[in-house]
Amino acid sequence: MKVLIIGCGFVGERTADLFHAGGHEVIGVTHSPASAERLMAAKPWQVLACDVSAISDVQALRSKTGIVDAFIHCASSSKGGAEMYQAVYVDGMTHLISAYPEAWELYTGSTSVYPQTDGSQVDETSPAEPGKDTGRLLRAAEEITLGKGGTVARLAGIYGPGRSFVLKNLLEGKSGIEVNEGAPDGRLLNQIHADDAASALVHLVTGKHAGIFNVVDDAQMTQKACLEKLAALFSLPVPETKAPDANRKRGWTHKHVSNAKLRATGWKPVYPSYFDAVRDDPQLVSSILALVDEASEVPLPRAENIVLIGLMGSGKSTVGRLVARLLGFQFADTDHMIIDRAGCSIPEIFANEGEVGFRQRESAALRELLGARHTVIATGGGIITQPVNKPLLRHLGFITWLEASTELLVRRTAANNDRPLLRGEEPPRVKLERLIQERAPLYKALADLRILTDDLTQEESAYGVAESARIFFAHRS
Ligand code: S3P
């Protein structure tokens with residue numbers, strides 16, 4: 001089908017990508033010519049600029065696109081007030097319907113239209129009479145869509161790579177558990193991963209499901225439960241309780257929004273709960289850690305672990321075990337975790353899934369280590385080659401780079417045959433020298449401590465790591 005996506009933001013862009021991947025003809029529409037240009041350069045689908053609040057703009061858009069089978073309005077009001085809501089949602093929807101009378105229309109609204117504050121379960125038949133003007137305008141746009149027989153998708157709080165206020169605020173020490181008399185355990189969170197929101201929109205439009213649908217994940221989770229679990233995962237204290245923020249854009253609500261109606265149509269989320277995404281989304285946690293680190297308003301929280309990086313044969317596993325014994329820490333080894341989860345050897349993983357598959361498993365092992373404390377983590381030599389791993393490594397602990405001369409590396413790695421990167425055409429020495437060239441800058445950029453191990457016994461190296469880590473953590477606390 002030929003689909004128009006109006007608003008190519010966090011959800012719109014993904015929705016356009018999904019339609020395109022499904023073999024549909026996509027035209028993405030953005031408000032500003034600047035973002036149209038950026039998308040045009042990056043996307044395989046057509047991009048046009050249009051201000052939906054201006055009828056002349058929408059008519060001009062119609063003459064460019066011709067007839068379309070469906071349009072999705074998921075433009076945002078860019079945080080504006082009631083006037084913006086009127087222009088973008090109410091007027092925008094009216095203009096689009098008049099310019100594309102033959103198209104199926106989907107309007108993306110918000111679960112904020114449910115004003116319930118008693119923690120009850122709400123579905124599409126529950127009263128949706130928002131107290132705020134902005135909420136009433138969202139409802140008006142919904143009514144316009146429903147009047148035409150189209151689809152209204154009420155989206156819960158959207159998160160995804162680069163956007164998770166719950167986690168970002170916690171990492172920056174800005175979280176509080178909001179409680180009041182109606183919600184002594186904090187309000188219920190209603191969230192949806194951006195990928196799942198996009199898949200729901202595609203599903204609703206391609207299946208021509210008319211009416212209202214809540215787009216929210218399966219989790220029934222209070223903000224308190226979420227923050228407690230996150231605090232444990234990120235080795236942070238549980239935030240204190242506080243009174244609700246009176247200026248919150250979505251207003252204070254406390255309700256569990258049901259997705260039963262949408263699920264009954266056959267849609268399934270990839271991330272049924274936020275914590276599935278924390279574990280399984282390759283980018284989510286890493287991207288938020290990177291945001292906090294780059295903003296450098298507060299130092300990135302560092303868990304009380306020791307992470308060993310360095311090339312194959314540099315002694316990470318042996319020295320790591322010794323450090324763990326010296327400090328009474330646990331010991332973990334990402335290579336062993338990968339072998340364990342995969343149920344086969346590293347050469348077999350490389351053979352079956354390629355290096356790409358191995359690297360994905362390596363990142364997953366790092367995410368699995370979130371929440372570890374007092375652990376020495378030995379990592380595979382190539383872990384630093386994946387940008388997504390860097391924020392995770394930095395958060396996971398005090399990073400020590402074990403260096404060794406090529407001589408030593410060649411000698412140590414000659415002992416066994418379980419390193420696929422050293423089994424190629426290139427002689428191991430040449431390959432190792434090349435890897436040193438490529439990777440030394442990456443190890444250096446990440447390391448809190450660098451130890452040249454050639455002239456040290458492994459016990460001496462371990463002692464150096466343990467003492468340095470002790471001082472590092474003593475300073476931070
Ligand atoms: C690799 C190093 C290995 C293992 C895999 C790839 C690398 O770990 O993860 O064979 O890219 O350097 P060790 O460094 O523990 O040998």
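H14 gives the largest share of the lining of the second largest pocket, six residues. Helices here are DSSP runs of H or I, at least four residues, numbered from the N terminus. This is a predicted model, where local features need pLDDT of at least 70, side-chain atom pairs count only at pLDDT 80 or more, and totals for chains, interfaces and linings use all residues. Residues are numbered from 1 along each chain as its sequence is written, and side-chain values use heavy atoms, with hydrogens and water left out.

Back to that pocket. Its space is about 630 Å³. It has 33 lining residues, and the closest to its centre are Met-312, Ser-317, Asp-335, Asp-418 and Arg-419. Helices H12 (316-327), H13 (334-342) and H14 (346-368) are the elements that give two or more residues to this lining.

A pocket is an open set of points on a 1 Å grid over the protein atoms alone, with protein on both sides within 12 Å along at least five of seven lines; lining residues have an atom within 4 Å of a point. A cavity is a set where a 1.4 Å probe fits but cannot get out. Volume is the space filled by probe spheres set on the points, which are joined across faces, edges and corners.

How many cavities of 30 Å³ or more are there? One. The largest cavity holds about 40 Å³. Its lining includes Ser-314, Arg-412 and Gln-458.

Last, H7. Lys-208 follows this helix, with a positive phi near 45°. Buried residues, under 20% relative accessible area with a 1.4 Å probe and protein chains only, include Ala-194, Leu-201 and Val-205 in H7.

Note on methods. Buried means under 20% relative accessible area, exposed over 50%, partly exposed in between (1.4 Å probe, protein chains only).
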